[in-house]
Amino acid sequence: MQKRRFTKSIVALGAMTLGLVLTPAVQAQQAPFKIGFILPMTGQSASTGRQIEAAARLYMAQNGTTVAGRKIEVIFKDDGGVADATRRTAQELVVNDKVDVLAGFGLTPLALATAPIATQSKTPMVVTAAATSIITEQSPYIVRTSFTLPQVTLGIAEWAAKNKIKKAMTMVADYGPGIDAERTFKDRFQLNGGTIVGEIRSPLRSPDFAPFLQRVSDTKPEALFVFLPSGQGAAFMKQFGERGLDKSGIRLIATGDVTDDDQLNDMGDVALGVVTSHHYSASHPSALNKKFVAAFEAANKGMRPNFMGVAGYDGMRVIYKALEATKGAGGGDALLAAMKGQLFESPRGQILIDGQSRDIVQDVYIRKVERVNGQLYNMEFDVQKAVKDPGKAK
Ligand code: PHB
């Protein structure tokens with residue numbers, strides 16, 4: 001601290017001798033632009049942290065580390081998926097590190113815990129993971145590049161009704177995004193003439209699905225709709241298969257969180273034929289996505305990008321372009337204004353940061369798990385274009 005102050009006065013003295021006056025704006029532009037990512041790097045949601053960090057680093061490797069004259073500095077912090085740690089870390093990043101942007105947030109409670117800090121400090125908060133509809137309403141400084149559960153659930157509810165499924169059961173993780181998914185599926189499925197014959201909510205923290213799968217097996221619905229957060233899909237699939245449910249005639253349908261690209265390839269035959277709706281598949285057949293997947297896999301051996309990774313990558317894009325738009329000046333309100341309305345091609349397809357809601361508008365794909373060249377992929381076979389979060393209307 002002492003040393004820094006000393007160095008600063010030397011610089012100021014030098015500038016004065018040269019007859020230059022460093023205005024605060026010029027000084028700020030010379031300082032690095034700091035992005036503080038808070039992510040679960042350990043615990044149940046560790047894959048979310050791993051994916052987003054890898055994708056953010058890839059974005060920087062491809063797009064450089066200087067934007068409008070400012071050096072970009074990223075700080076990655078692990079909150080272990082615990083809201084108190086997220087809140088404390090956000091406070092430290094804002095107060096001590098003086099970050100220009102907060103980013104990440106692997107689970108809904110972690111985003112909710114940070115929203116007041118973003119508001120008080122006027123720091124843009126880019127949510128690259130958490131997906132409960134209400135999150136963006138918790139602070140005017142929140143922008144989201146991930147998705148919302150109502151947005152991605154409508155597609156599979158429509159598909160089920162169109163594919164002669166009349167009786168379905170729902171099973172969701174018992175917290176924000178699960179409740180969003182359950183309500184959306186139920187409303188749309190019933191609207192299309194379907195009947196819900198059972199509803200299960202499984203605890204977020206102890207994913208033992210055995211008692212719930214027993215209920216499914218006893219009820220024998222035509223289809224079981226599932227939402228579980230990224231990281232739990234493989235455990236669920238294993239238990240589904242062990243109980244022989246994949247051969248019981250009960251059709252498994254889900255949001256793409258369950259057939260997560262981070263884990264899908266290790267799920268085995270039990271995942272084959274599972275139909276889901278979601279906004280990103282590593283097999284999305286665009287030229288941009290092929291490039292993204294190849295670069296991601298080359299930089300991270302043995303890892304395939306999933307929907308969390310792509311949201312981290314796009315989050316960096318939104319931040320870079322906002323800083324560019326402010327000509328390197330930054331500032332919470334100016335950055336936020338420049339984040340709103342960004343429209344661009346992402347590896348997932350075209351996306352828009354809605355100027356009003358600050359939430360993402362994107363295509364949602366209907367996909368089926370298939371084996372392609374020996375690997376399991378979510379193969380897209382239908383699309384709903386430019387879907388807004390329908391949860392906002394409620
Ligand atoms: C969330 O907590 O908002 C969340 C986490 C992981 C997902 C979806 C939603 O896959």
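Start with helix 11 (307-325): with 6 residues, helix 11 gives the most to the lining of the second largest pocket. Helices (H or I, at least four residues) and strands (E, at least two) are DSSP runs, numbered from the N terminus.

This is a predicted model, with pLDDT of at least 70 needed for local features and 80 or more for side-chain atom pairs, while totals for chains, interfaces and linings use all residues. Residues are numbered from 1 along each chain as its sequence is written, and side-chain values use heavy atoms, without hydrogens and water.

A pocket is an open set of points on a 1 Å grid over the protein atoms alone, where a 1.4 Å probe fits, with protein on both sides within 12 Å along at least five of seven lines; lining residues have an atom within 4 Å of a point. The volume, the space filled by probe spheres set on the points, is about 310 Å³.

Colour the lining by type: 8 nonpolar, 4 polar and 6 charged. Tyr counts as nonpolar, Arg as charged.

Now move to the open sheet of 6 strands, ordered 2-3-1-4-5-6 with mixed pairing. Strands pair if DSSP finds at least two bridges between them. Strand 2 and strand 6 (142-144) are the edges. Strand 1 (33-39) and strand 4 (101-104) run parallel, joined by 4 bridges. Pick G36: its bridge partner in strand 4 is L102.

Finish with helix 5 (108-121). Helix 5 touches strands 4, 5 and 6; contact means heavy atoms within 4.5 Å.

Technical notes
Axes are lines fitted to C-alpha atoms, for helices over the stretch in contact, and angles run from 0 to 180 degrees between N-to-C directions.
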